[in-house]
Every structure is written in C-alpha cells, then in structure tokens.
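The sequence and the structure are shown here.

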Amino acid sequence: MTSPIRTQRHDDVLVVISDNPPVNALGQAVRAGLKDAIEEAIGDDAVKAVVIRCDGRTFFAGADITEFGKPPVGPSLPETLDAMEASDKPVIAAIHGTALGGGCEVALACHYRVAVPSAKLGLPEVKLGLIPGAAGTQRLPRLVGAEAALPLVVGGNPIPAKKAKAIGLLDELVGEDSLEADAIAFARSKIGQPVPRASEGNANEDGVRDPDLFDRFRASQARRIRGFDAPNAAIEAVKAAGELPYAEGVQKERELFMKLMSGTQSAAMRHYFFAERAANKIDDVPKDTPLIPIKKVGVIGAGTMGGGIAMNFLSAGIPVTILEMAQDALDRGAGVMRKNYENTAKKGRMTAEQVEQAMGLLTPTLSYGDLADCDLVIEAVYENMDVKKEVFAKLDGVVKQGAILASNTSYLDVDEIATATKRPGYVVGMHFFSPANIMKLLEVVRGKETRHDVLATVMKLSKTIGKVAAVSGVCPGFIGNRMLSKRQEQANELIMEGANYWEVDDVLLEFGFPMGPFQMGDLAGIDIGWHRDPTKVTTIREALCAKERFGQKNGKGFYDYDEARNRTPSDEVKAIIADFAAKEGREQREISKDEIRERLLYPMVNEGAKILEEGMAQRASDIDVVWINGYGWPLYTGGPMFWADTIGLDTVVAGLERHGLPVSEFLREKAETGKRFNQ
Ligand code: NAD
C-alpha cells in the first residue's frame, strides 16, 4: 500500500505532503508517514527546515473517527508529534482549509504555523464528549495563554485564521494561492535560529497570575455546559497546564482523556454524531434522485409558526410570499418578523443591512394568486383538518404543477390532507418546532404517496436553512409529539397521585432537559385551546384557567413568575391540584424522584419502540435526533433510544412493569434477547 505521505525537496527545505482524502484524517498510515518523514529530515544534513502541508481541500481535519474504540496501532499521534517538536530544524505547518482536533495539535507541535486567510483552526473534541488527547490542552495555553485557550478547548468552535493570528496561534498569514511557496520562504527565514517549542512556552502564566479566570470562564459558560463532562475536564486540563510541568500536564490530559473516552457521555455523543448524518438518508430514496429547484417559497399563515418558518428562508436568501386571511394579521406577522431580526441585530449577530436584505425578500399578500409561481408552499394555519383541507384545495388550484405543498401540522394526518389535492405525491409534512427560526429540528413527514424527488428536495432544503432533518411516517403526533404525549400523560397522572408538580419538572431538569412539562405548559400558555368557560372544570389545566392562571404571559400559571421570569411554586396551585384530585377521589401518596423519572421516561422509550416496530421511524437513531433537536433531550445521553440501550432494555421493561405500565412486544423481545435499539 502506498503511503498517503510523500516528500519533496526544495533545495534545503523538505516539504512533507499528506494526501489522504477527503479530509486528511490522521489515521495510522498518515501518522506513520509523518513520523518517517520527520526522521528522514532530521537524519539528512542537507535538509535545514521542514514544511508540512496537505493536498486536497484541507489541512488535517482531525483524528480518524473510525479508529475510535479499536485497539490502537502505532505510532500514536502524541508520539508522532513529540518527534516533530523535538527536531532542532524548524518545522512549519502550512495550513489551508480547517486544522481541526488532531490537525490543530499537529500545527501546535510544529515550531511555526502559517496559514492562508480562509483557513480555520479549532479543537472540537468536546463536541464528541472528549478533550484533545495529543497534548493540545498543554501546548495551546503555553503558546497563547490560558485565557485565549479556554474558549477554543472548552467551546470547541473553530476560529478564523485572522483571529488565530491575533491570539498568537498563527505566526503569519500567507497568500491564499501561494501557501507552499510562502511557507517555504518562511521556513528559510528561520533556518539556523533556535526553534520555539509550544511545550516550552510560558504564555500560560496568565492563569497562574490570575487563577480566578478559570472560575469566571466556567461561570460564563454555565448554561451551555451544564451536565456535560468534557467541557469541565477541558477547563481542568488547561488549568493544569499552568500548575504542572509540561510532562505532568500531558499525563493529566491523558488521564482526563481516557476517563472521558471510556465514559457514557462520549459514547453517546459519538452516537449522535453518526445519528445526525444517518437521519439525512432515506433508505429507499436513491442518492441521485433529481431535486426540485426551490427558488421561491410560499407560507400560509403569519402566526407563531408561519413567521418563524418564513424567516428561515429569508435568512438563507430565498424569497418568501406570506399569505394571511386579513390585513391586520398580515401586518402583525410581518411586524413580528422584523422585530425578531432587529433583536438579533441588537445582539450584534446581524447587521442593519442584513435585516433589510432579509425583509426585502418578503412579500406579504392576501391573494392566493400570488403563490402561483412558488416552488414550495408551507401551510401553517390553525390545527384543524377542515381548515387545512380547504387551504390545500385552494393551493392545488393555483400553485403551478410540480411544486411541493407542505403542511406544518403537529398531529394531523398528512395523507388525509393530501386527498384535498390532485397531487398527493407532492404533499409532504414539514414539521418545524417553535420558535421555528431557531429550533434546529425539522421533522419531515412522509405521506404514503409522497414522491422520492419531493422527499430528497425537502431533505436537501433542510440543510440550506440550517436544520437537522429526520423522517417520520404518518401517525398521530409523528415521532416527537407522539412520544411527548406519553410523557405528558404520566406527568399529569403523577400530580394526581400526589407528586409535587415542581418535583416533576425538577426531575427532568436534573436529567438534563432545559425545562419540565409544567414549565413548558406555562411557556406555551395554559389557555391554548381553553373553552373559556370558568365554570366548566374537567382538568387541572381548566381549573388553572378558571383562576386566570394562564402561564408566563400573565405572570402566573403552574408557577408564579417575577419580572425576570423566575418561577416559584404556588400554594394556590398546590391547593387547586389537591382539590381536583380529592374531587376525583384520587388517593395521595409520597412519590420518589426515581419513580417520577422512570414513569416519565420509560413510556417514551416504549412508544419509541412501537414507532420503530410500525416503521414510522427508519432507525432508532432518527428518534434520538428528533428528541435531541426538537425537545431538549440531553445530548450527552445520546437521545431516548441510545439512553435506553445504555441503561439496558431489561431495566426499562422491569421499570414499566413495576409501575404497571404497558410494555410493547417489540421492546420486550429486544430486552429478552439482550438486544439494543442501536447496534
Ligand atoms: P397561530 O394561531 O399562531 O397562527 C395561525 C395563523 O394562521 C393565524 O395568523 C391565522 O390568521 C392564520 N390562518 C388561519 N386560517 C387561515 C387561512 N385559511 N388562510 C390563511 N391564514 C390563515 O398558530 P401556530 O402556533 O402558528 O400554528 C400553526 C400550525 O403549526 C398548526 O398546525 C400547529 O399545530 C402547527 N405547529 C405549531 C407549533 C407551536 O408550537 N405553536 C409547533 C409546531 C407546529
């Protein structure tokens, strides 16, 4: 087998080139080739300096993830990099594309780093539940200081070359089209000088002079890193770089790395990494299915969802025509969209010009005729079958043939909606989540007649607008809301049996959700769908509405809210629930947190199993993608199905039985045969 590494002599400079498409991942052959090349350079008196660069679209973009979990084959990356750094001849990293993870660590082990202006550098290991494992956490702070290193190691987002130069991670920016020649010239300018080694740097003393900077940084990231092990380990590693000699710091990094590597969080996050990519594939839709060009989009309804949906396309530069029933609703909808954009601009995440650009692509209308030339129309009107059918019949009459008609329905039967048209093959569900301009998930609902090109187009489009898509079959609530209903059922039942509603919420918060079911109710509004008759009380929600407890919108729902929207459990609500339970003749008892957690989550897993059995989801990991992106299921558990695999399906079955809850045959059989949902 030929090595992916080759060398070229340019007089006294040896250029080492990696050619390992697609992203020059640092697999075994690359590591071995690099080490050999460095040894060749050190042993050859005619070589005075070394440049390392990559062919193809990028510098080394990371480890070879397919080697994870397999027995390591040497040389290891740390060993290769130590050999590189130990050279007394200057070694220069010449970077284009993205120097990520192990690739960034290669650059750090070089004595100098030059890059083209379009390059990016980063240490994204935290995103897989890990920290850098080839001394990145030790070399980087010594080179750029702890303060500059922390966001890179803990946040995991790459930074552009210009920023990297500003913090001292890069020595020079070179010509976009003359990387190799400029790097060789740079290398020559360093010949004969003592080489600077990142491992010997002292920039990390900033963290020794001001040790509080680590706690300040941790506090500033508290919300983002809550529950995640890796970011905390990353902070610890960077701190160690200031406290320990280099070799001991590397040892500390290794210990932290190994602990993460063998833990459940990293396994879960690696699962998610592949799950997101898999979700984009529809098994029976060929890869080369021709796409329908989407140049203009229509949205019906400018309410909560319609406005947010429209913003996705405007932000991606796709013109949108939005239709309402009346001028005031139309004006209100467009006004909310503008305000949302302006708020983003106020936070500095958009320029005033970009706001105008986006809003300039919006055409509000009251006339269906204006939708005639749309390539895709998404309906987001009231959740009512008759209204939806009427809208689809109208659309079918005016919108050009070959255009896609999509519904944002949360629960309704997309196949039935499709019967209102003469083009059921072009009807599909595009289920966005609120707020639709922000939430990542797009549940694509595949009707029984939905065409392949329609599905392929919608999946591709989801990427254009920055969403993560997963496909669901047609069933009430699809994947996400169908499972949510099971959780909500148990939440309601638990408070009728005597559990405190804030404890139910807290159990989910402790598990890692951003909020619990009763907080969610308060946020969405308890009066959604309320009949507005305070004398008619058949549910706890109706009892709360009767007392004008509508949720966050009027400062009181299940909780009382202060100005800053902090919640406090309410004695009034506790009494309302107790009264209601008494009237229903429900006995009250103490309910443990374990029981609450099991009763909320295990029935979801059971429902997920049924969804799989019925073929409503293509694969268990799609369900994980839905729950992580649409409902805040904590990423570090890998989603409901992976989490169930982790704790053991027999544990789930035993828990359901203990609580007298149904167990699907599919789940039971998997548990009994020791199988998992995700192989
Ligand atoms: P909404 O009440 O905020 O908005 C609906 C809008 O549609 C209103 O502005 C109304 O004037 C307009 N409308 C009603 N009938 C119309 C018609 N025939 N022609 C044109 N416009 C019409 O409701 P929403 O929360 O945006 O929900 C819309 C759809 O999205 C529903 O199917 C809902 O189930 C679904 N959905 C809602 C959420 C959510 O969290 N709100 C999430 C996902 C999906």
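In this predicted model, helix α5, residues 146-155, packs against helix α9, residues 212-220, at an angle of about 35 degrees. The axes of α5 and α9 are 11 Å apart, and the crossing of these helices is right-handed. On the α5 side, the contact is made by Ala146, Glu147, Leu150, Pro151 and Val154. Helix α9 contributes Leu213, Phe214 and Phe217. Sorted by class, the contact of α5 with α9 has seven nonpolar residues, one charged residue and no polar ones.

The ligand site comes next. Around the ligand there are 21 residues, of which Met305, Glu324, Glu383, Lys388 and Ser410 are the closest. The shell around the ligand is made up of 10 nonpolar, eight polar and three charged residues. Three elements each supply at least two residues of this shell: α14 (304-315), α17 (385-398) and β15 (427-432).

| Residue | Protein atom | Distance to a ligand oxygen atom |
|---|---|---|
| Thr304 | polar backbone atom | 2.9 Å |
| Val381 | polar backbone atom | 3.3 Å |
| Ser410 | N or O atom in the side chain | 2.7 Å |

The remaining items concern the backbone. Where are the cis peptide bonds listed here? One joins Pro21 and Pro22, with omega at about 0 degrees. Pro22 sits in the loop that runs between β2 (13-18) and α1 (28-43). Another cis peptide bond joins Ser434 and Pro435, and its omega is about -5 degrees. Pro435 is placed in the loop between β15 and β16 (441-445); strand β15 also supplies at least two residues of the ligand shell.

Phe478 has a positive phi, about 55 degrees, although this residue is not a glycine. Phe478 is located in the loop between β17 (468-472) and α20 (480-497).

Conventions:
Residues numbered from 1 in each chain as written. Predicted model: local features only at pLDDT ≥ 70, side-chain atom pairs only at ≥ 80, totals over all residues. Heavy atoms only, no water. Axes fitted to C-alpha atoms, helices over the stretch in contact; angles between N-to-C directions. Helix = DSSP H or I, 4+ residues; strand = E, 2+ residues; numbered from the N terminus. Left-handed = near helix turned anticlockwise from the far one by under 90°. Contact = heavy atoms within 4.5 Å. Nonpolar A, V, L, I, M, F, W, Y, C, P; charged D, E, K, R; others polar. Near = heavy atom within 4 Å. Polar contact = N/O pair within 3.5 Å; in protein donor to acceptor, adjacent residues only side chain to side chain.
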